Amino acid sequence: MLIVSLTYTVPLDVVEAHLEAHRTWLRDAVDRGLVVAAGRKNPRTGGILLSLADRGALEAAIAEDPFSVHGVAEFEVIEADMTAAAMGFEALLA
């Protein structure tokens, strides 16, 4: 599993200016099977993406995310081998 931590590098008003384009990118990433879940951090300092995709494919897609293209956020990709999951989340296991 790949866990992507996005951290905003600009004020929220700049984030908001790119949010709709990011959401369009995100819907496409989900449709392509690159992202299985996504959401905002709380407090709102960035976001989290969960992926079961190939790391190279995910990193190539991240490079096209408007948040990346316009320097709105930094992306950290963390690779993890999940060994336990609650019922219904078995697909997350390595």
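Predicted model: local features only at pLDDT ≥ 70, side-chain atom pairs only at ≥ 80, totals over all residues.
1. Helix α1 has a kink of about 50°, centred on L19. The bend at a residue is the angle between two axes, one fitted to the seven residues ending there and the other to the seven starting there. Helices (H or I, at least four residues) and strands (E, at least two) are DSSP runs, numbered from the N terminus.

2. Residues are numbered from 1 along each chain as its sequence is written, and side-chain values use heavy atoms, with hydrogens and water left out.

3. The protein chain contains three helices and four strands, and from the N terminus on their order is β-α-β-β-α-α-β. For 94 residues, a compact globule would have a radius of gyration near 12 Å, and the 13 Å of the protein chain agrees with this. That radius is taken over C-alpha atoms, and the globule rule is 2.2 Å times the number of residues to the power 0.38. Along the principal axes, the C-alpha atoms fill a box of roughly 40 × 25 × 20 Å.

4. Of the 94 residues in the protein chain, 32% are buried. Here buried means under 20% relative accessible area, exposed means over 50%, and partly exposed lies in between (1.4 Å probe, protein chains only). Among contacts (heavy atoms within 4.5 Å) between residues at least 6 apart in sequence, 65% join residues at least 24 apart.

5. Returning to α1, its 20 residues should span 28 Å at 1.5 Å a residue, and the end C-alpha atoms are 27 Å apart, which agrees. The expected span is 1.5 Å times one less than the number of residues. The buried residues of this helix are V15, H18, L19, H22, W25, L26 and A29; they pack against β1, β2, β3, α2 and α3 (66-69). After α1 comes G33, with a positive phi near 80°.

6. The largest nonpolar core has 20 residues, and those with the most contacts inside it are V4, L49, L58 and F67. Such a core is a set of buried Ala, Val, Leu, Ile, Met, Phe, Trp, Tyr and Cys residues joined through side-chain atoms within 4.5 Å. Two or more residues come from each of β1 (2-8), α1 (12-31), α2 (55-62) and β4 (73-79); the largest share, five residues, is that of α1.

7. L49, in strand β3 (residues 46-51), is buried, with a relative accessible area of 3%. Beyond its neighbours within four places in sequence, L49 is in contact with residues including L2, V4, L6, W25 and V35. The C-alpha atoms of L49 and L6 are separated by 8.0 Å, although these residues are 43 apart along the chain.

8. There is one aromatic pair. Rings of Phe, Tyr and Trp (its six-membered ring) pair if their centres lie within 6.5 Å; planes under 30 degrees apart count as stacked, over 60 as edge-to-face and the rest as tilted. Y8 and F67 form an edge-to-face pair, with 6.0 Å centre to centre and 85° between the planes. Y8 lies in β1 and F67 in α3, so the pair ties together parts that are 59 residues apart in sequence.

9. The peptide bond from N42 to P43 is cis, with omega near 10°. P43 is placed in the loop between β2 (37-40) and β3.
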